[in-house]
Protein chains: 2
Amino acid sequence: MSTPGLTSSAAGSSQVEAANTEGYEAPAGITVDPVVFAPRAGRLCVLLVPRHLPPDAGRWALPGGFMSRHEAPEETAQRKLTEKTAVGHVYLEQLATYGSPHRDPRGWIPAIAYLALIDSAVLREDETEARWFPVDELPPLAIDHERIVHEGVERLRGKLWYSNIAVGLLPERFTLAQARQLYESITGVRHEVSNFRRTLEQSGLIRATGEVHQGPTGRPARLYEFIERTPSWSRRRSRIPALAGS
Amino acid sequence: MSTPGLTSSAAGSSQVEAANTEGYEAPAGITVDPVVFAPRAGRLCVLLVPRHLPPDAGRWALPGGFMSRHEAPEETAQRKLTEKTAVGHVYLEQLATYGSPHRDPRGWIPAIAYLALIDSAVLREDETEARWFPVDELPPLAIDHERIVHEGVERLRGKLWYSNIAVGLLPERFTLAQARQLYESITGVRHEVSNFRRTLEQSGLIRATGEVHQGPTGRPARLYEFIERTPSWSRRRSRIPALAGS
DNA sequence: TAAATAGTGTCTTTAAGACATTATCGC
DNA sequence: GCGATAATGTCTTAAAGACACTATTTA
């Protein structure tokens with residue numbers, strides 16, 4: 001998990017700088033910072049790692065790392081993720097780039113943030129130091145990572161009902177109660193059961209598998225799955241005024 | 001408008017590379033590429049500049065440039081814009097970052113793309129080589145700029161009805177006919193006049209100024225303005241199932 | 001008054017909000 | 001049968017779609 005070079009400097013004042021072969025200044029590096037979300041115990045949680053070195057030693061940070069010239073940023077995000085969580089496939093989507101030259105005291109180091117969603121079923125807390133925190137109970141975060149986490153939550157909330165983004169957070173087959181619980185934990189909004197069912201079914205994003213799941217008590221629940229597992233949009237009418245003919 | 005160093009190399013094979021003061025590889029540079037939209041003659045147009053140097057000499061490109069360590073990327077975007085269009089204020093919003101190390105033949109040069117919206121009233125075609133192209137009649141574009149333009153159009157379409165993003169494309173005071181014409185040119189969807197009026201008024205984004213505008217013929221049209229000129233969202237009900245109490 | 005453009009009224013349709021009811025399981 | 005959970009039915013409400021109509025200007 002070596003973060004080449006730039007981890008330890010700038011405690012005092014020396015900044016890392018870079019120049020290209022034509023003599024012009026260049027960024028000292030680029031980090032890729034995945035904002036990893038997963039539902040845990042009915043709450044939306046984010047994966048963080050403790051920082052042991054400056055800057056902001058003692059605070060928590062996104063499980064990111066430096067990008068190399070040999071991989072695309074999505075690949076870096078995926079790699080950092082598997083390094084720290086032993087999770088295979090994730091839903092990955094670029095969030096934003098934080099490029100102000102002064103955001104990182106080590107030097108000019110832009111960060112490309114990614115939204116990464118993990119199904120709780122494949123979660124694993126292992127020997128790494130990474131820990132999950134509910135998004136509404138964040139510890140002190142390094143640099144501008146708190147802002148990045150919040151923008152990740154906003155993105156997730158904004159797309160939740162209009163896309164199949166929840167495919168990344170639910171098991172392959174799920175009950176509507178599971179989905180409702182997840183949606184409520186993300187948005188903080190309670191939903192009436194039958195209306196939730198109707199709206200999600202009408203979205204065209206999910207379908208019943210025909211199987212059922214028997215809980216410890218009560219009527220068995222039907223299992224559903226997302227029709228598409230790759231990013232797609234709800235077919236619900238956009239509620240925007242248009243002429244029918246067009 | 002000097003683009004330091006990296007404009008001319010790599011015609012043959014030599015790539016620009018960079019390393020930081022700790023000896024690790026670094027990006028050769030970062031470009032900031034604004035996707036500048038403006039309505040012209042009833043069509044949504046994008047601002048492009050011709051490339052005279054490799055790579056992709058002869059093709060058109062976004063009016064971007066290299067970021068320096070002395071400005072934030074939004075400032076670079078704003079600067080490039082004023083250099084090339086003599087336009088003052090614009091609506092600026094980060095679009096995405098294209099960071100694959102192989103996207104630019106000159107070397108590892110990520111691009112941060114920005115969506116920039118300009119009111120047609122402050123447009124000016126001057127001595128620069130920049131030209132406007134309708135977004136549905138693009139010339140051959142350099143590198144991956146066509147993809148970037150398309151993602152810009154998608155972002156604009158997606159937010160059009162849910163935010164005041166059109167504030168960047170309309171004059172300070174506008175008639176509903178103007179707005180309708182703009183909305184139709186962006187989305188390609190025709191709107192019924194009275195429904196368009198009702199929906200836009202109910203969005204809570206605009207208000208009547210009390211003034212009217214007299215065209216060459218016909219009844220004078222009321223002038224409207226956006227209540228907020230900074231980014232904000234429609235207050236239209238989100239059409240998402242929720243319990244009223246929450 | 002005719003042509004042109006702006007604005008209103010209203011009925012229909014779609015989909016969400018509320019809430020009562022029925023269904024199916026283990027015990 | 002009882003408690004627990006899942007699923008259905010339906011009335012109300014909000015907002016878009018369609019379209020007929022009225023209003024105000026210039027020539």
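1. A disulfide here means a pair of cysteine sulfur atoms within 2.5 Å. By that rule, this predicted model has a count of 0 disulfides over all chains. A:Cys45 has a relative accessible area of 4%, and B:Cys45 comes out at 5%. Both values sit under the 20% cut-off, so A:Cys45 is buried and B:Cys45 is buried.

2. Next, the helix pair in chain A. Helix H2 (residues 145-160) and helix H3 (residues 176-187) of chain A pack with their axes 9 Å apart, at an angle of about 135 degrees. H2(A) and H3(A) are therefore oblique to each other, since angles have to be over 145 degrees to count as roughly antiparallel. As for handedness, the crossing of H2(A) and H3(A) is left-handed.

3. Who does the touching there? On the H2(A) side you'll find A:Leu156, A:Arg157 and A:Leu160, and they meet A:Tyr183, A:Ile186 and A:Thr187 of H3(A). Sorted by class, that contact of H2(A) with H3(A) has 4 nonpolar, 1 polar and 1 charged residues.

4. Now over to chain B. The axes of H2(B) and helix H3 (residues 176-187) of chain B come within 9 Å and cross at roughly 135 degrees. That makes H2(B) oblique to H3(B), and their crossing is left-handed. From H2(B), the contact draws on B:Leu156, B:Arg157 and B:Leu160, while H3(B) brings in B:Tyr183, B:Ile186 and B:Thr187. The class tally for H2(B) with H3(B) reads 4 nonpolar, 1 polar and 1 charged residues.

5. Staying with H2(B), have a look at B:His145, which is placed in that helix (residues 145-160).

6. Last stop: B:Glu201, in helix H4 (residues 193-202) of chain B. With a relative accessible area of 33%, B:Glu201 is partly exposed, because that value falls between the 20% and 50% cut-offs. Which residues does B:Glu201 touch, not counting those up to four places away in sequence? They are B:Leu176, B:Ile206, B:Tyr224 and B:Arg235. Take B:Tyr224 from that list: B:Glu201 and B:Tyr224 are 23 residues apart in sequence, and their C-alpha atoms are 9.7 Å apart in space.

Note on methods: Residues numbered from 1 in each chain as written. Chains lettered and ligands numbered in written order. Predicted model: local features only at pLDDT ≥ 70, side-chain atom pairs only at ≥ 80, totals over all residues. Heavy atoms only, no water. Helix = DSSP H or I, 4+ residues; strand = E, 2+ residues; numbered from the N terminus. Axes fitted to C-alpha atoms, helices over the stretch in contact; angles between N-to-C directions. Parallel < 35°, antiparallel > 145°, perpendicular 65-115°, else oblique. Left-handed = near helix turned anticlockwise from the far one by under 90°. Contact = heavy atoms within 4.5 Å. Nonpolar A, V, L, I, M, F, W, Y, C, P; charged D, E, K, R; others polar. Buried < 20%, exposed > 50% of the residue type's maximum accessible area, 1.4 Å probe, protein only.
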